[in-house]
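Here is a short briefing on a protein structure. Look at the sequence and the fold, then read the points below.

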Amino acid sequence: MLRRIVNVLLIGFGGVPLVWALRSYPADPRRAAAVAALVVIGIALNLTGLVRRDLNVRAWLRVLAYGVAGVAAIATLLLWHRVTYDALPSVPEDDVVLRAKVALAGGSLLWIAAGLTYVGVSIGVLPRRRPSAAVEAD
């Protein structure tokens, strides 16, 4: 029951980056589409957690998916750090258009990292694998 409550809460929390993606689409369509796709994947995972009591996914595959989402989120945060603290200061102050584009890219990277984290957490709360019949017989 607790897992299903967490799934419902995560579906609600998924609305925040989805709203950002919809609002940012005209200004930054590629990154907004990436965030929207990640949120849709996370919502689908949480809906699966709501309707399934158990999910026949091996533990190593779940750990691998969780690890990939985590590594991608960390890499995205590192890229955000490079854009914000290395690239943005090197843009001349009088080039306002380029500075705005770099700042927009940096902010978008934070939302992509949030979307990757959302997918990772959604993987983490998926229902566990049902014990096999051989284990139940023991």
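Is Tyr85 buried, partly exposed or exposed? Tyr85 has a relative accessible area of 49%, so Tyr85 is partly exposed. Buried means under 20%, exposed over 50% and partly exposed in between, with a 1.4 Å probe and protein chains only.

This is a predicted model, where local features need pLDDT of at least 70, side-chain atom pairs count only at pLDDT 80 or more, and totals for chains, interfaces and linings use all residues. Residues are numbered from 1 along each chain as its sequence is written, and side-chain values use heavy atoms, without hydrogens and water.

**Aromatic pairs**
- There are two aromatic pairs (ring centres within 6.5 Å, using the six-membered ring of Trp; planes under 30 degrees apart are stacked, over 60 edge-to-face, the rest tilted).
- Trp20 and Trp111 are stacked, at 5.4 Å centre to centre and 15° between the planes.
- This pair links distant parts of the chain: Trp20 lies in helix 2 and Trp111 in helix 5 (residues 96-124), 91 residues apart.
- Trp20 is buried at 16% relative accessibility, whereas Trp111 is partly exposed at 27%.
- Trp80 and Tyr85 are edge-to-face, because their planes stand at 80°, with ring centres 6.0 Å apart.

**Helix 2 and helix 3**
- The axes of helix 2 (residues 15-24) and helix 3 (residues 29-51) come within 8 Å and cross at roughly 155°.
- The two helices, helix 2 and helix 3, are therefore roughly antiparallel (angles over 145 degrees).
- Contact (heavy atoms within 4.5 Å) involves residues including Trp20 and Ala21 of helix 2 and Val35 and Val39 of helix 3.

Methods:
Axes fitted to C-alpha atoms, helices over the stretch in contact; angles between N-to-C directions. Helix = DSSP H or I, 4+ residues; strand = E, 2+ residues; numbered from the N terminus. Parallel < 35°, antiparallel > 145°, perpendicular 65-115°, else oblique.
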